[in-house]
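Here are my notes on this model, written as numbered points. Keep the structure open beside them and find each part as you read.

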Amino acid sequence: MRSRSQLQRRKSIVKAAAALASRGGVEAMQMRTVAERAGVALGTLYRYFPSKMDLVVAVVSEEIDLLEGSMERRPPRASDPPQRAVEVLMRATRGLMREPELAEALIRSLLLSDVKTDFGDRMSRLLLRAAAPPDADVPEDDPRRVLVRSLSSVWTMEMIEMLRGHATADEIQAKLEIAAARLLEDF
């Protein structure tokens with residue numbers, strides 16, 4: 001159990017790291033610079049985040065928290081499950097692309113990090129909540145979980161293409177609509 005001051009300190013560190021990453025990617029997230037910006041000692045930073053990748057994963061988690069909060073406040077409104085799932089993914093896309101340097105840092109960390117992250121599981125749960133009927137109980141072994149995870153993977157690859165300058169948001173949305181229609185047709 002962490003005290004309120006510990007939680008506040010952790011939040012301050014993650015916020016400082018996100019601000020640095022949004023200006024210069026993962027390279028800008030030097031641990032000493034993050035500690036200075038957060039107003040904590042370098043040893044304190046390492047106590048909370050033993051490595052830079054642990055810190056990047058925390059920033060990713062914070063971004064997902066924001067997306068989840070957005071979905072709670074304004075649930076997807078599309079009439080069919082595939083379109084609701086695409087709405088979730090496009091909100092995530094727009095949110096990430098407001099800070100392209102941060103988006104690149106987050107995607108790179110997911111691809112290159114040995115640090116365990118629950119990003120895929122959390123995105124899948126968001127998509128499942130959007131696509132499944134509100135009262136649906138989807139067991140852990142339900143194949144629909146694999147389908148939404150696959151859609152999340154398609155989105156991640158499309159984000160990479162966008163960050164490389166090889167796709168626009170409209171092109172990504174068109175591809176996601178096709179993938180979602182096929183993958184989620186039985187929802």
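1. Start with the second largest pocket, whose lining has nine nonpolar, no polar and three charged residues. For these classes, Ala, Val, Leu, Ile, Met, Phe, Trp, Tyr, Cys and Pro are nonpolar, Asp, Glu, Lys and Arg are charged, and the others, Gly among them, are polar. The residues around this pocket are Met71, Glu72, Pro75, Pro76, Arg84, Val88, Leu126, Arg129, Ala130, Ala132, Pro133 and Pro134. H7 gives the largest share, three residues, and H4, H5 and H7 each bring at least two. The volume comes to about 210 Å³.

2. Before going on, a word on what you are looking at. This is a predicted model, where local features need pLDDT of at least 70 and side-chain atom pairs count only at pLDDT 80 or more, while totals for chains, interfaces and linings use all residues. Residues are numbered from 1 along each chain as its sequence is written, and side-chain values use heavy atoms, with hydrogens and water left out.

3. Now the largest pocket, at about 360 Å³. Of its 20 lining residues, Glu63, Leu67, Arg91, Ala92 and Gly95 are the closest to the centre. (A pocket here is an open set of points on a 1 Å grid over the protein atoms alone, where a 1.4 Å probe fits, with protein on both sides within 12 Å along at least five of seven lines; lining residues have an atom within 4 Å of a point. Points are joined across faces, edges and corners, and the volume is the space filled by probe spheres set on them.) Which helix gives the most to the lining of the largest pocket? That is H4, with seven residues. Helices H4 (52–73), H5 (81–97), H6 (100–112) and H7 (119–131) each supply at least two. By class, this lining has 12 nonpolar, two polar and six charged residues.

4. Take H4 next. (Helices are DSSP runs of H or I, at least four residues, and strands are runs of E, at least two, numbered from the N terminus.) H4 has 22 residues and spans 32 Å from first C-alpha to last, close to the 32 Å expected at 1.5 Å a residue. (The expected span is 1.5 Å times one less than the number of residues.) Its buried residues include Leu55, Val59, Ile64, Leu67 and Met71. (Buried means under 20% relative accessible area, exposed over 50%, and partly exposed in between, with a 1.4 Å probe and protein chains only.) The cover over H4's buried residues includes H1 (4–24), H2 (31–38), H3 (42–48), H5, H6 and H7.

5. Is arginine 122 buried or exposed? It counts as buried because its relative accessibility is 6%. Leaving out residues up to four places away in sequence, arginine 122 touches Ser61, Ile64, Asp65 and Glu68. (Contact means heavy atoms within 4.5 Å.)

6. H5 is mostly covered, with 12 of its 17 residues buried. The cover over its buried residues includes H4, H6, H7, H8 (143–163) and H9 (169–183). H5 reaches 24 Å from first C-alpha to last, close to the 24 Å expected at 1.5 Å a residue. Threonine 93 sits in this helix and counts as buried because its relative accessibility is 1%. Beyond four places in sequence, threonine 93 touches Trp155, Met159 and Met162.

7. Setting aside neighbours within four places in sequence, leucine 163 contacts Met97, Pro100, Ala103, Glu104 and Ile107. Arginine 149 is in helix H8 too, and counts as partly exposed at 37% relative accessibility. With the neighbours within four places set aside, arginine 149 is in contact with Gly120, Asp121 and Ser124. Arginine 149 and methionine 123 are 26 residues apart in sequence and 7.7 Å apart in space, C-alpha to C-alpha.

8. Last, the record. UniProt places "domain: HTH tetR-type" (unreviewed entry) at residues 7–67, a stretch that is 80% helix and 0% strand in the model. UniProt also lists "DNA-binding region" (unreviewed entry) at residues 30–49. Residues 30–49 are 75% helix and 0% strand, and their end C-alpha atoms are 12 Å apart. (UniProt positions follow the numbering used here, feature names are shortened, and annotations may be inferred rather than shown by experiment.)

Technical notes
Points joined across faces, edges and corners; volume = space filled by probe spheres on them.
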